[in-house]
Structure formats: structure tokens, C-alpha cells
Amino acid sequence: MSSSTVITNIATLVTNDPSSGWGDSPLGLIHDAAVVIDGDRVAWTGEAGKAPATDNRVDAGGRAVLPGFVDSHSHLVFAGDRTQEFNARMSGRSYTAGGIRTTVAATRAASDAELEANLTHYLAEALRQGTTTFETKSGYGLTVEDESRALRIAARHTEEVTYLGAHIVSPDLADDPAAYVALVTGEMLDACAPHARWIDVFCEKGAFDGDQARAVLTAGKAKGLHPRIHANQLSYGPGVQLAVELDAASADHCTHLTDADVDALASGRTVATLLPGAEFSTRAQWPDARRLLDAGVTVALSTDCNPGSSFTSSVPFCIALAVRDMGMTPDEAVWSATAGGAAALRRDDIGRLTPGARADLTLLDAPSHVHLAYRPGVPLVAGVWRRGARVV
């Protein structure tokens, strides 16, 4: 039998339900609040003085509580290290897609146990920083065997698994991209589809063009995988509009956008997932979140945690970057890192704290969610509940 718990004496509760909150924030803020957990679900939220009786009680001590972060874009099944590449980039070398090959070689050489140990290490790191749901991809194997084993390993740790055989053209077929696309959409897809929910492609100069990306995503859809796209990160291109056309759950990066790209995103269901860790780590142009939000586009914030271009697992760090350098308010950034991430995964059971939602909560050692941007770099996460159980 499940037991119920009330977390009370919450200074600020972020529900992400504007109808239940105070003021005009999209966060649905409740002050002097409480939340009741029953089993793995939220049973009640409201003012602390009106909370129903429960089996257990946790005193939040005047701190803030918000939904667990939803990191909808990461690359955590890998081996090796690219410290030298980062050091060279910080010394003046520009970022290109080609560095992925370094990680491909290391990942192919690693054992299953080594890859899983690496994955669980970074998942624990992310959990300590408040991330309760994460998506992760293959893409560092680029052979049938290595891509499928990456997905099998990932699927033991998350429901949100993405097949990214089309990360770059495999070094084995560098002189025959058409043959590699045929492999990705044929034998590799057959081996990988049973272990994944999503299919992704890096639509970019140096990776895959619009026609190749369309072929990859449509083949995945035919196998029951839903599209998401690495789009418009390094240059203008067809990725964003292809994402909307194919009803992709998300177009990720969205750094170089035309007015037509923004209009397309505003008119469809595709979420624009922004990944400020990548711009921080490559000294690239920041995405213009303000432009997207003002146009009515749904925006998510995620880490893009990977060993090459964004080696951070910290959603709070990405929130601070988005507020400082991408034109977002603290409320918008927190919403995008919780409810926005859920939207990018087409989920309505996470990213919010309302009755019936999964009981994924983050307790901050601060009275307000604003401190995530106000106190950048400070380890503010004081507690984490996932599926109703305290895990941090």
C-alpha cells in the first residue's frame, strides 16, 4: 500500500499551472504552500494551512519547490575525453561537427560495462542537480552493432531513448554518404528501432543535408519512431522547417533562424529546444530565445550534455545562461527547463506539480526559483523526489 506525504512550509511552489497560482506568471506560483504526494503521484497542492492529513510530513523550511527538471536532449552513451579539443577551441580554433569522430573511436573500443558505468555516473550527477527525467541518444557508434548496443544500454535507464545513427557520416563510409544513409535507414534502423522511442538526425553542413535528413526521419516514422532534429545550430538550413513539416517533437539548437523558420515553429507543435551549454562551450552565437517566445513558440531548455560541445549535466547552469545571454526571464527559463522539456518529449505527466502528475520534485536551498539565475554556479538543490521517493 502506498503512503502519503505532505511537503509543507514551502516558501514558493512552482506548479506550472497558471490557473492555480498567484499573479500572472506561467509558473502557477503558490506562496506559503504545501504539496501532497500519494505513492508516485501528486495528490494535492495549495496553501499550507489547507493541506489534508497525511501519513508523513516533510518540512521544507521556507525553501522553494519546483518540478524536477526535464532534460530533453543529451548524448550520454559515450567513452573517451575531448579535453584537448576544448582547450584548442578556447585558444582560438573554431567548432565543427568533425570532432565527433574522436568520440566514435573511443566508444567503439569501450565495453558495454564501461559505457554503462559512464552513463550512470553522469545520470547521478544530473540527478543531484535536480534532473528527474532525461532523454539520451545513440550516435557515437555509427555501426549496426554499436548503435544498437548504445540504445539497449540507454533503455535500461530511461524511457526517452533516441536513435541517432545519423549523427555524422560514419568514418567507414566517409566517401559514400549515400551508402551510409541507406545503412541508417535500413539494417541499422531495423536493429535499433525496438530499443528507441525517437529518431534524430544532425541536419547541418558537415553532417546531413535536407534530403538526407528527410529520408532518415521518414524511414524512422515508418518504423514507429517519432522525429526530433538537430537543426540550424551552425548555420542557416532546412532543419527547422523540415521538423515542422514532419511534426517533429522538437527542433534542437535553433541558433540561426530566418523569419520563415520562426513563423513555422509558431504555427506548428514542434518545440524549439535551446541548448546554451553548446554556445558557452563553443563561443558561438547565442540563440535568440526572446524572438521565439515573442512569436509564440514553445521553448525548452536542455543541457546537450556530450563530451565535445557541451560537457555539462547542469540544468541550473543552463537556466542561468538563458537568463543572462538569451533574453529569457527567470520564470520563462524555469518553465522551459520543466514544462518545456516535457512538451519536447510530448509528455503531460511530468514537468508540472498538479494532481495526477508524476511526483518528481526539486527542493532548492533558496526561497525562490529565481535564485537559479540569481546565484549562478551555486549548488542550490537540497532535495530531489522521483516517482514519489526521495532520492537526493
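Predicted model: local features only at pLDDT ≥ 70, side-chain atom pairs only at ≥ 80, totals over all residues.
Residues are numbered from 1 along each chain as its sequence is written. Local features need pLDDT of at least 70, side-chain atom pairs count only at pLDDT 80 or more, totals for chains, interfaces and linings use all residues, and side-chain values use heavy atoms, without hydrogens and water.

Select the sheet. Eight strands make an open sheet in the order β5-β6-β7-β8-β9-β10-β11-β12, with parallel pairing. Strands are DSSP runs of E, at least two residues, and helices are runs of H or I, at least four, numbered from the N terminus; two strands pair if DSSP finds at least two bridges between them.

Go to the edges, β5 (69-71) and β12 (299-301), each of which pairs on one side only. β5 pairs with β6 (residues 131-137) over three bridges. There, Val70 stands opposite Thr133 of β6.

Next, select Phe78 and Tyr140. They form an edge-to-face aromatic pair, 6.4 Å centre to centre with 75 degrees between the planes. Rings of Phe, Tyr and Trp (its six-membered ring) pair if their centres lie within 6.5 Å; planes under 30 degrees apart are stacked, over 60 edge-to-face, the rest tilted. Both residues are buried (under 20% relative accessible area; exposed is over 50%, partly exposed in between; 1.4 Å probe, protein chains only).

Move to Tyr122 and Phe311. Their ring centres are 5.5 Å apart and their planes at 55 degrees, so this pair is tilted. Tyr122 lies in helix α3 (residues 112-128) and Phe311 in the loop between β12 and α12, so the pair ties together parts 189 residues apart in sequence. Tyr122 is buried at 14% relative accessibility, while Phe311 is partly exposed at 41%.
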